[in-house]
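Hi,

Here is the structure I said I'd pass on. Have a look at it first, then read my notes below.

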Amino acid sequence: MPSRIVGRTHATTGGMQARVAGFFGFHDRAAAHRTKQAMGHGERHAATTSGWAKGTGQRIRGKGHSILGAITGSRRRQARGNAKNNMGQMRQNFNSRI
């Protein structure tokens, strides 16, 4: 499962290592570290996309429960659905920032 923290760590360390290796003239090592940096960025974007998709799923399920609660008159189910919808919205907002 992709992780935003691990991705950011790899991107940062790969970038620093590439700069140091390039400074000392080890261009083959610098290229390898740039690859590590790019993989870190990819993992971070994958984690963000995964979180966004999970938030969308939560919002859909929450909306469904809310509508069902409104139709059947169950305020408890409607409230749970609204809460789940809000949680999904927060997850989407969190994962929209990179």
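Start with helix α2, which covers residues 27-72 and has 46 residues. From its first C-alpha to its last it reaches 68 Å, close to the 68 Å expected at 1.5 Å a residue. Keep in mind that this is a predicted model, so everything here is computed from it. Just after α2 you'll find G73, with a positive phi of about 85°.

Now go to the other end of α2. F26 sits in the loop between α1 (4-23) and α2.

What about the overall shape? The C-alpha trace spans about 70 × 15 × 15 Å along its principal axes. The radius of gyration is 21 Å, while a compact globule of 98 residues would have one near 13 Å.

A few last numbers on packing and surface. Of the 98 residues, 24% count as buried. If you take the contacts with a separation of 6 or more, 61% are between residues 24 or more positions apart. The accessible surface comes to about 6700 Å², and carbon and sulfur atoms account for 62% of that.

Cheers

Note on methods:
Residues numbered from 1 in each chain as written. Predicted model: local features only at pLDDT ≥ 70, side-chain atom pairs only at ≥ 80, totals over all residues. Heavy atoms only, no water. Helix = DSSP H or I, 4+ residues; strand = E, 2+ residues; numbered from the N terminus. Expected span 1.5 Å × (residues − 1). Rg over C-alpha atoms; globule rule 2.2 N^0.38 Å. Buried < 20%, exposed > 50% of the residue type's maximum accessible area, 1.4 Å probe, protein only. Contact = heavy atoms within 4.5 Å. Areas by Shrake-Rupley, 256 points an atom, 1.4 Å probe, with all protein chains shown as cover.
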